[in-house]
Amino acid sequence: MSILVRNAGRLVTCDPALGEGPLGVIEEGALVAVDTVITWVGRERDVAAPPGAIEIDAGGRAVLPGLVDCHTHLVFDGDRAAEFAARARGEDYRTGGIMTTVRATRKASDGELCRLAAERLDRFLSLGVTTVEAKTGYGLTPAEELRLLRLTGSLDHFVDVVPTLLAAHVVPEEFAADPEPYVDQVCEEVIPAARGKARFCDVWCDDRGAFSVEQARRVLEAGAQAGLGLKVHAEQLSRSGGAMLAAELGATSADHLEQATEEDADALARAGTMGVLLPGASMMTGAPFAPARMLIERGVRVALSTDFNPGTSYSENLQLAVALGCGLLRMTVEEAVLGVTRHAAAAVGREDTCGRLAPGLACDVLVLESRSEADLAYHYGVNLARAVLKKGEVVV
Ligand SMILES: [Zn+2]
């Protein structure tokens with residue numbers, strides 16, 4: 001089966017080698033895919049469509065890669081609307097709120113957790129998101145963390161799900177007095193059993209309620225030992241050293257970075273560790289925003305994500321992250337769009353399969369309602385997805 005997407009006013013390849021500017025834009029562009037893979041992109045006047053190709057007329061609109069959300073906490077039960085309302089009355093965000101979700105998630109059946117996750121993936125897809133990273137972290141016992149990892153791996157949806165083990169999310173209340181035995185469990189029981197099931201091992205490194213640098217180092221070294229890529233929740237509530245650790249260990253990404261310094265930025269840039277920024281979480285908790293300009297200017301590759309989770313950022317709208325990136329982090333439209341496409345794909349180890357419209361990559365395509373990708377930020381807060389293709393199939 002082959003597909004021809006034609007009449008793209010702007011084919012935004014997100015690959016500068018294929019078109020104009022940092023987003024590699026081809027005006028009056030077209031795209032051909034055979035089976036599930038893109039085989040050709042270029043000017044429409046040069047296209048040679050395979051006979052019998054299914055034709056999709058973009059009507060002069062902007063056509064982008066399917067979006068990639070590279071940092072979500074997808075699988076959980078329960079909501080924290082009451083905690084949100086309390087924060088809106090002026091109370092501080094506390095990591096202890098995560099235990100509310102942990103208690104509800106531990107009680108939920110496998111079927112209920114999968115049903116809720118599938119509903120959320122439907123919403124992601126309707127917004128043009130075709131790949132989502134999903135972290136465990138609401139189980140916080142070996143058995144519950146491995147259950148959440150198994151359920152994450154079992155999700156059968158048009159949206160590709162990249163599973164990340166975040167057994168070291170926060171210190172479980174049972175170990176509040178001494179987290180070390182829990183770190184032992186994570187390193188000795190959970191991580192070895194996650195080999196081949198999780199793509200990444202993540203840890204929240206923070207002096208306030210999460211894990212110290214030395215505890216995080218043990219978790220990440222065990223993750224590397226089990227063949228997992230590494231991610232770190234770093235410099236969110238305080239500058240705790242997570243970004244330097246991520247760089248030292250060659251992590252794929254350091255996420256949050258609200259409190260990151262120039263020294264952190266230089267280390268991340270040297271190591272080639274991506275910075276994943278989550279402006280929605282800052283907006284909804286009243287916390288400082290990540291210093292995106294400083295990070296970019298010092299050479300860090302920056303991705304943007306929803307941080308979808310029930311405590312601090314309960315939204316599947318990755319298009320809104322583009323708007324927040326421009327409006328609040330002072331990123332350019334080009335930087336913000338790369339942040340939810342090519343750079344986000346790199347942050348989940350999928351740079352060679354998604355995040356660009358380029359020959360050899362999956363035919364994951366987002367046709368916008370509008371003629372310009374700038375509308376993702378400019379016309380903010382509305383869903384601009386007109387059509388979505390996943391592996392060559394029209395799914396929205
Ligand atoms: Zn997170």
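Mentor: Let's look at strand 7, residues 129–135, where seven of the seven residues are buried. Buried here means that 20 or more other C-beta atoms lie within 10 Å of the residue's own; with 12 or fewer a residue is exposed, in between it is partly exposed, and C-beta atoms are placed from the backbone. Strands (E, at least two residues) and helices (H or I, at least four residues) are DSSP runs, numbered from the N terminus. Before we go on, keep in mind that this is a predicted model: local features need pLDDT of at least 70, side-chain atom pairs count only at pLDDT 80 or more, and totals for chains, interfaces and linings use all residues. Residues are numbered from 1 along each chain as its sequence is written.

Now for the neighbours of strand 7. Two strands pair if DSSP finds at least two bridges between them. On one side, strand 6 (residues 67–69) pairs with strand 7 in the parallel sense, over three bridges. You can find L67 with its bridge partner V129 in strand 7, and D69 standing opposite V132. Strand 7 also pairs with strand 8 (residues 160–168), again in the parallel sense, and here there are five bridges. T131 stands opposite D160 of strand 8, while E133 has V162 as its bridge partner. In general, strands of a sheet pair through backbone hydrogen bonds, either parallel or antiparallel.

Strand 8 is mostly covered too, with nine of its nine residues buried. Strand 8 pairs in turn with strand 9, in the parallel sense and over three bridges, and L165 stands opposite C201 in strand 9.

Step back, and these strands belong to an open sheet of eight strands with parallel pairing, in the order 6-7-8-9-10-11-12-13. Strand 6 and strand 13 (302–304) are the edge strands, each pairing on one side only. On average, neighbouring strands of this sheet are turned by 25° against each other, direction ignored. For such angles, axes are lines fitted to C-alpha atoms (for helices over the stretch in contact), and values run from 0 to 180 degrees between N-to-C directions.

Helix 5 (residues 180–194) lies across strand 8 and strand 9 (200–204), and runs at about 155° to strand 8. Helix 6 (residues 213–225) packs on the sheet and touches strand 8, strand 9 and strand 10 (229–234), its direction making about 175° with that of strand 9. Contact between two residues means that their C-beta atoms, placed from the backbone, lie within 7 Å. Strand 8, helix 5 and strand 9 together make a right-handed β-α-β unit: with the strands pointing away from the viewer, the path from the first strand over the helix to the second runs clockwise.

Just after helix 1, G90 takes a positive phi of about 115°.

Finally, the wider setting. The chain is divided into domain 1 (2–65 + 356–394) and domain 2 (67–347), with bounds from an automatic or database domain assignment. Their centres, taken over C-alpha atoms, are separated by 30 Å, and 21 residues of domain 1 are in contact with 20 residues of domain 2.
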